Amino acid sequence: MKRLFLAAALSLASLAASAVDIAISAADAHAAVQKADSKVLLVDVRDPVEIMFVGFTDAAHVNIPYLIVDRTKWNAEKNVFKTFQNPDFAVQIKAELDKRGLGTDAEVITLCRSGSERGEPSAAFLRANGFPNARFVENGFQGAQIKDGPQKGFRLQNGWQNSGLPWSMKMNPDKMYRSDRP
């Protein structure tokens, strides 16, 4: 019993020692990607249609959606189209790491709109599936919603767009998740 407890404690300690904090600020993520010897993969995990209407940062290496919008199914409770988890998400992340000569222990940073619905869950999913240093951009691309006042509900604070980091409304077709190519 003592051996089992010791083994479990050592496993947890080694996991904690090898994994970085799961949340990272937009500014820190951008700085990590910009380093000359960067061993970071920045992945925009939004559905490409959302990117088309909200904007994109070319600092992202690739767009691999974590959740994909199914425009044939409606979620009446939320009054939106249903989404489903990309069944090839981890495989596609691994392929992008391989392309860059990086292993599964590389830092993979995911970026979604707000950091909560896809950013954090996608990083947690990657950690649970063999990518111990997966992280997510806290407050995502657009930032958190303003809670009170005349601009209540607008995403005008923090996040990538509101941190003075590079972005535009133009999509980079070479980086977008596309069904018209392999």
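**Pockets of the predicted model**

The strand β4 contributes five residues to the lining of the largest pocket, which is the largest share. This strand spans residues 67-75, and along with α3 (48-54) and β5 (80-85) it belongs to the elements that each supply at least two residues of that lining. The structure examined here is a predicted model.

The largest pocket holds about 560 Å³ of space. Its lining is made up of 17 residues, and those closest to the centre of the pocket are Val-69, Val-80, Thr-83, Glu-117 and Arg-118. By class, the lining of the largest pocket comprises eight charged, six nonpolar and three polar residues.

The second largest pocket has about 310 Å³ of space. A set of 16 residues lines this second pocket, with Glu-96, Met-176, Tyr-177, Arg-181 and Pro-182 lying nearest its centre. In the second largest pocket, the elements that each supply at least two lining residues are β3 (62-63) and α4 (89-99). The helix α4 gives the most to this lining, with four residues. Seven charged, six nonpolar and three polar residues are found in the lining of the second largest pocket.

In summary, β4 provides the largest share of the lining in the largest pocket, while α4 gives the most to the lining of the second largest pocket. Six nonpolar and three polar residues occur in the lining of the largest pocket, and six nonpolar and three polar residues also occur in that of the second largest pocket. The charged residues number eight in the lining of the largest pocket and seven in that of the second largest pocket.

Terms used: Residues numbered from 1 in each chain as written. Predicted model: local features only at pLDDT ≥ 70, side-chain atom pairs only at ≥ 80, totals over all residues. Heavy atoms only, no water. 1 Å grid on protein atoms, 1.4 Å probe; cavity = no way out; pocket = protein on both sides within 12 Å on 5 of 7 lines; lining within 4 Å. Points joined across faces, edges and corners; volume = space filled by probe spheres on them. Nonpolar A, V, L, I, M, F, W, Y, C, P; charged D, E, K, R; others polar.
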